[in-house]
Amino acid sequence: MTATMTTRDLGPAPEPVLARDMARRALPFAPVAVAVCAAIWGGAGAAAAAYAVVIVLANLLFAAWMLSTAARISYAALMGAALFGFVLRLGLVSAAVLVVKDAAWVEPMALGLTLVVAHLGLLFW
């Protein structure tokens, strides 16, 4: 085995710090997203927007946990967690949407728009 595959990172993990910072930045804007969706789509839009914000924050925190845990194992595990973790999290986000897509309290357009805007907004901020 090469040193790259067996080397691991035992230093402080920056991923959880970044994820908590993104979550902290999202909290002031979550009520705005809920209010805008409520104004456009009513109660179902507000509920969908709130649900979407929770999904986004959970996704980012889960990604940070996976990457920081994998880095302590080995760099190879970190690479695997980055690649396959994305696929896993994409599946979990899709499952979270599919579970509620036909629920009466969900407005699909509000859910989808909030998911996309919140993910991109937090990643680019």
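The model is a predicted one, in which local features need pLDDT of at least 70 and side-chain atom pairs count only at pLDDT 80 or more, while totals for chains, interfaces and linings use all residues. Residues are numbered from 1 along each chain as its sequence is written, and side-chain values use heavy atoms, with hydrogens and water left out.

With that in place, the protein chain has six helices and zero strands, and along the sequence its pattern reads α-α-α-α-α-α. The C-alpha trace spans about 60 × 30 × 15 Å along its principal axes.

Let me turn to the largest pocket, where a pocket is, on a 1 Å grid over the protein atoms alone, an open set of points where a 1.4 Å probe fits, with protein on both sides within 12 Å along at least five of seven lines, and where lining residues have an atom within 4 Å of a point. This pocket holds about 400 Å³ of space, a volume being the space filled by probe spheres set on the grid points, which are joined across faces, edges and corners. It is lined by 21 residues, and the closest to its centre are Phe29, Ala33, Thr114, Val117 and Ala118. At least two lining residues come from each of helix H2 (14-26), helix H3 (30-41), H4 and H6.

Now for the aromatic rings: which kinds of pair do we find? Rings of Phe, Tyr and Trp (its six-membered ring) pair if their centres lie within 6.5 Å, and planes under 30 degrees apart count as stacked, over 60 as edge-to-face and the rest as tilted. The whole structure contains two aromatic pairs. Tyr51 and Trp105 have ring centres 5.6 Å apart and planes at 85°, so they are edge-to-face. Tyr51 sits in helix H4 (residues 43-73) and Trp105 in the loop between helix H5 (75-100) and helix H6 (108-124), 54 residues apart, so that distant parts of the chain are linked. Phe62 and Trp65, in contrast, are stacked, with 6.0 Å centre to centre and 10° between the planes, and they lie three residues apart in helix H4, about one helical turn.

As for exposure, buried means under 20% relative accessible area, exposed over 50%, and partly exposed in between (1.4 Å probe, protein chains only). Phe62 is partly exposed at 27%, whereas Trp65 is exposed at 52%.

Methods. Helices (H or I, at least four residues) and strands (E, at least two) are DSSP runs, numbered from the N terminus.
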